[in-house]
Amino acid sequence: MKLKKNIPFLVVCLGILFLVYFFTAVRPLGRELQITPKWTIPVARNSGDEDTAVKLPFRLGQTIGYFTPDGKISSITTFPYKAAISESFFAVYGPDDSSIPIYTAAGELSGTIKKSGFPFIQNDRIYLFLPGGSSFDHCASDGSVSWSYEGTMPVTAFSASEAGCVAGFADGTVKVFDRNGTIVQDYAPGGSNYQVILGAGISASGDYTACVSGQDQQRFVLVKHLAAQNKIVLHEYLPGNVSWQVLVKFSRNGRFVCYNYKDGLGIADVETKEIRHLPLKGRIVEIEESGSGKPVYILSRTGSTYTVSILEAFKHIAGSFSFTADTAFIIARDGDLFIGKDGTISRMTITKE
C-alpha cells in the first residue's frame with residue numbers, strides 16, 4: 001500500500017529528471033560543411049591574362065608559375081633543380097650557379113643576386129642562404145645585399161615577417177633580427193636532452209617569437225621581446241618526438257601562434273596565455289588564413305595522403321577532407337580555397353549549412 005501511494009510522486013520525479021536531462025544533454029546538430037567547386041584547370045600551358053593585377057603563385061613538382069583567381073594560368077616555368085616563389089618574386093637556380101636572377105610575378109627581371117646559394121622568398125622579402133648553411137644575406141629587390149649574418153652553426157629553422165626574421169640553429173639557439181639586420185633577441189629555449197630548433201616563427205609586429213625545439217623532451221616556447229630582456233611568457237613540453245622541421249606560424253593579427261608536433265596541432269593564445277591541442281596526423285605543410293572571421297585552412301601530409309582541415313576561430317576543427325597526390329598546395333583568399341594537386345588547380349567555396 002505504501003508503494004502505491006508513492007507512485008504519483010515517483011512519476012513526477014522521473015518527469016522532472018527527464019526534462020532536466022533533455023535540456024542539459026541534448027545539443028542541436030551542427031551544420032554540415034558544404035564544398036562548392038567553382039573551377040578546375042590543368043597546369044599545362046599559359047592561358048593569358050598576363051597583365052592582371054592579382055596573381056597567385058603555385059608550385060607543383062618541378063613546375064612553378066602564377067594563376068589568376070578566375071582560373072587562368074598566367075605563366076609557367078619548369079626547373080631541373082630548385083626554385084623559390086612568392087606573390088611578388090620568383091627565382092630558378094642550380095647547384096653550380098654563381099649568380100641568381102630574380103624575376104617579378106609579371107616575368108620581368110627585378111635584379112640579380114651575384115652569389116651562389118639558396119634563395120628564400122616570402123612575399124616581397126628575399127633572403128639568400130649561403131653554401132654551408134650557417135650564414136645568410138638579406139637582399140633588396142635588385143639583388144643587392146642589404147645586410148648579412150655570418151655564423152658557424154647550421155640554420156635549422158627560419159621565418160620572416162614585416163618586422164624582421166627569426167633563425168633557429170642546430171645548437172638550440174634562436175636569433176631574431178630586425179629589418180636592418182640588428183640582432184634584437186638571442187636566446188636558447190633549453191629543456192631537452194638534445195638541443196636543436198625544429199621550427200620558428202615571428203609575429204608581424206616583431207614583439208613575439210615562438211619555436212619548437214629539442215629531442216627527448218620536445219618543447220614549445222613563446223617569447224616576448226622587451227627592451228631590457230627576453231621573457232618566456234608561455235611554454236610546454238610536447239608528447240612524443242618528431243625529427244623533421246615543423247611549421248610555427250603566427251596569425252596575421254599576432255593573437256595566435258600555431259605549431260606542429262607529433263600527431264597534433266598546438267594553438268597558443270598570446271593574450272590569454274592558453275594553449276589548445278587538436279589531434280592532427282602527419283606533417284603540416286601550410287596554414288592559410290582566408291580572411292577576418294573566416295576559416296583557417298591547414299594542409300598536412302602523411303605519405304602520399306594530403307588532408308585539408310578547416311579550423312574555426314583558432315579553436316576547433318570543423319571538418320576535413322583528404323586526397324592522394326605526389327605534390328599539393330593550398331591558398332586561401334576572400335573565403336575561397338585554391339587547391340593544387342599534381343597537374344591541376346581547383347577553386348572551391350566551403351560553407352556551413
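**View 1. His138 is buried, because its relative accessibility is 17%.** Buried here means under 20% relative accessible area, with exposed over 50% and partly exposed in between (1.4 Å probe, protein chains only). This is a predicted model, in which local features need pLDDT of at least 70 and side-chain atom pairs count only at pLDDT 80 or more, while totals for chains, interfaces and linings use all residues. Residues are numbered from 1 along each chain as its sequence is written, and side-chain values use heavy atoms, leaving out hydrogens and water. You will find His138 in strand β11 (residues 136-139); strands are DSSP runs (E, at least two residues), numbered from the N terminus. Leaving aside residues up to four places away in sequence, His138 touches Ile126, Tyr127, Ser144, Val145, Ser146 and Trp147 (contact: heavy atoms within 4.5 Å).

**View 2. Four strands form an open sheet in the order β21-β22-β23-β24, with antiparallel pairing.** At the edges sit β21 (248-250) and β24 (275-279), each pairing on one side only. Two strands pair if DSSP finds at least two bridges between them. Take a look at β23 (residues 264-269): five bridges join this strand to β24, and the two run antiparallel. Across that pairing, Ala268 stands opposite Ile275 in β24.

**View 3. The largest nonpolar core has 18 residues.** Phe220, Leu222, Val257 and Tyr259 have the most contacts inside this core. Strands β17 (194-202), β18 (208-215), β19 (218-225), β20 (230-238), β21 and β22 (256-261) each supply at least two of its residues. A nonpolar core is a set of buried Ala, Val, Leu, Ile, Met, Phe, Trp, Tyr and Cys residues joined through side-chain atoms within 4.5 Å.
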